[in-house]
Structures are given as C-alpha cells and as structure tokens.
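Trainee: Could you show me how to read a pair of packed helices, and then a cavity?

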Amino acid sequence: RSTLAWHSLPLLLSPLAPLLTVTREKVVEEFLVTESTHVAHLRVLVSCYVEPLRQGRVLSSAEVYALFCNVELILRWHESFVAAIQVHSQTGNTFGDVFIEMFPLLRQLYVQYNENYENALLAYEACKRNKAFTTHLERIQRLHPDTRDLLAYLYLPLQRMISYTSLLKDLVRLTPAEHPDGAYLRYALEAVRVASSRGQDRADHRKNMDRVLHIQASLAEPREIAVPHRSFLHEGPVVCHTRGKRGEQDKERQLYLFNDLLMLTKPKRDNKIHVEALEPLETVRVSDVAGDPQRFRVESSSATYSFSSPGKKAWVTILADAIQQCARTRWRHAQLQPEEGGRRMDAIEESSRDYLMTKILQWARMDDAEMVLDEVRSIALTLEKYIAVDAGEYSASKPVAPTLEEKVTPSSPPPSHPMVGSNLPSIRCDESPSDRS
C-alpha cells in the first residue's frame, strides 16, 4: 500500500514528512493487527466457552448471560469494524472517520458489558461450584494449553477499550493538524475517553445500588431504603452516648450514611440490621466536640446524638460534605419545581415519624414517667428549633447554590453507522492455535 494514500500534499512538503509518514503508517498497521488479534480471541471465547456452555446446558440461560453478557454482539461489531477499516484503508487517506461512524454502537455495548463485569466475576465464582462447569474449563485447557483462562477472556472487551485510548493518542500525536484525518482522530479519542468514563460511572452506580439493595435486604423490619436516587456513602461502628437518670450510658451502634439519609442501627443480630433511627440529611447538622479526639455531635429535627469513633475526623468531613451536597440538590430541585401551597414542614418526614413511633413504643414500656416527660420535652425543643428553621428564622438552613464547576454541558453524540458484514466466521475448538489468527 502506498504511503501517499495516507497523507495530504501539505504534509509531504514538510521536511519531517518521511519520518511522520513511516511512524503513522506503523501505528495504523499496529491498530489493524491488534484489532484482528482481538477478534480471534473473542472468537475463541464464543466458540469454546459461550456456545458449548449454553448448548450443552451446562449453565442456565441466566448464568450464561451473567457470565458473558453481550460478548457475542461485541464480537460481531469488531468483525465488522475490521472489515470496514481494511476496505477503507485501500481507497482513502483517513482512518478516524470510520471509527467515529461505527463507534456509537460499540459505546452502548461496552457500557453494558462494563456495567455487568462485576457481576460476571461473582457469577464465575458461583459457577465454579458446578462440577460440569469446572470439567468443561479443564477440558478446554487440556485441548488448548496455549489458550488463556476464562477470566482473562472476560477482561478482553475492557482491555481493548484501554488499547483504543493508547493507539488513538499516538495517532493524534503523529497526525498534523492540517491532515484530513486530524479532526476525525481527535473526535474519536474524545469519544473513547467519554465512553470509558461513562462506562465506569455506570458500573460504579450499579455496584453502589447493589450495596443499597443488600442493606435493605438485611433489615430486620421491611423499609424502603433502596430508591432510585439514593446512593451509599459510608458506614462504620460508633459509640452512642445517651444521658438518663443513671447518668451517661454508652451503646455500641452502627451508622450508615447515604446521600440523603443517615441511618443509626443496633449491632447485628442473626445477621439482621435493626434500625434505631432514620434521619433525613436535610434536617441534620454535624459538629465537632472540641477537646475530645473521638467525640462528635449530630443534631436532627427529632433528636441530638453524641457519638464517639476513632474515625471521628472522617465522619465529620464526610457528613458535612454529604449535607452540603444534599442542600445543593434541594436547591436545584427547587429551581426546577417551585413549591406550591405554602411552606411545608420537612420535620414531618416518614423517617421522623418512624423515629417518633419507635420512641412512643419505648415510652409505653418505661415505668419512670418523669424520664418519659424529659424526653418528650427534649424532642419538643428540637421541633421548635426546626420550625424556626422552616420559617426562615434560622439563616444556616438556607440551601447552598451550586458552584459553577457543577454545571455540565452535554456533548452531542457522533452519528450512527450500520454494521457491515453480518455473517460470523466460524471457528472450531479443535483447530490448531495457529489457525485462530
């Protein structure tokens, strides 16, 4: 293939043209070679693992999907991509335009695969308890000792996206700005970076949601903790200091912090979480207790808590950040959907009602009427303070406006492109390793 097909006339007139031409040509060639190798490896994964495990009913359909997700569609895309760039490289002097035309579909497939990857690893560990599954893996390794293990194959789609970033960076660096391919390559590199970032964000979000669901499933009493907007932030053991007629008492407790909720629980019994209090972050304030290296205070619309923890500094920082972010979120929602019907009293939240009902049940079992009255008065004082906050008489309650860096300008997606070459080339598990590439 002539190097003239890859470069424009202005570049050829440059004294650096020969060096840049050869280097760029090598990177493009490396791109093609590694893409073909990637396709060969994906074919091994599909033909030696996905299809036999599904057709032989070694695993259920749900287990096959949990392990391999959409890897067959990913293989089909890469085969089409290899065919497209091989044809295009013979007739054109650009490379990035083909990539950005076909990339939108891969971006969707990659995000879906990346989101499932953590579940795939868990599914792999669960499937290893299936004797037929482990027997199949051992058989593949005996027949093809040069092949990778299954976990290495499962990582291939993620590894290839990392390789795209590296190869495209080299191509952008070696392609002059005036080259017809320059703008295409810069756009392609940015598209890969955004897809990688979004894919990881989606995976992190799914992992966080699974954590919230696990916490909800562990609750001794049914509560709707897992809601779409809620995310888990932090948890840890604390000592809760309470004061009564017998003086201060120390109780071991566990704190769970979400982006809009603080949950106080008793130590686990029978592997179940027993909730003692739920406090919306919009009603919570945190403060340090000077002179004590472990103690900090949390005030809410319904109670004041005194906690101790060796991780006091982390708790105070994380809580303060979460409270501020919660206020910013409320401010944004207020701008989009103003409140109607007058002021609302945030203290009458479901979580606050749960707390009050719990306290009422405790009071019903107490014999000391004076102690009950003291607790009622304490809660009443807190509610009066919160009513003042809601009425605007407490300036610290004003929500914080979002900073400029929080504003995001969405970018328009690249144009879509239909895949070409829909036929999947066949491959047999019993062929020699040299035949696969």
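Mentor: Let's take the helix pair and then the cavity. This is a predicted model, where local features need pLDDT of at least 70, side-chain atom pairs count only at pLDDT 80 or more, and totals for chains, interfaces and linings use all residues. Residues are numbered from 1 along each chain as its sequence is written, and side-chain values use heavy atoms, with hydrogens and water left out.

Trainee: How is a helix pair described?

Mentor: Two packed helices are described by the angle between their axes and the distance between the axes. Here the axes of α8 (residues 156-174) and α9 (residues 182-217) come within 9 Å and cross at roughly 155 degrees. Axes are lines fitted to C-alpha atoms over the stretch in contact, with angles from 0 to 180 degrees between N-to-C directions; helices are DSSP runs (H or I, at least four residues), numbered from the N terminus.

Trainee: Which way do α8 and α9 run relative to each other, parallel or antiparallel?

Mentor: They are therefore roughly antiparallel, a term for angles over 145 degrees. In contact (heavy atoms within 4.5 Å), α8 uses residues including M161 and L168, and α9 uses residues including L185 and V192.

Trainee: What lines the largest cavity?

Mentor: A cavity is a set of points on a 1 Å grid over the protein atoms alone where a 1.4 Å probe fits but cannot get out, and lining residues have an atom within 4 Å of a point. The lining here is I74, H78, L106, Y110, P157, R160, M161 and Y164. Its largest share, four residues, comes from α8.

Notes
Helices (H or I, at least four residues) and strands (E, at least two) are DSSP runs, numbered from the N terminus. Angles under 35 degrees count as roughly parallel, over 145 as roughly antiparallel, 65 to 115 as roughly perpendicular and the rest as oblique. On a 1 Å grid over the protein atoms alone, a cavity is a set of points where a 1.4 Å probe fits but cannot get out, and a pocket is an open set with protein on both sides within 12 Å along at least five of seven lines; lining residues have an atom within 4 Å of a point.
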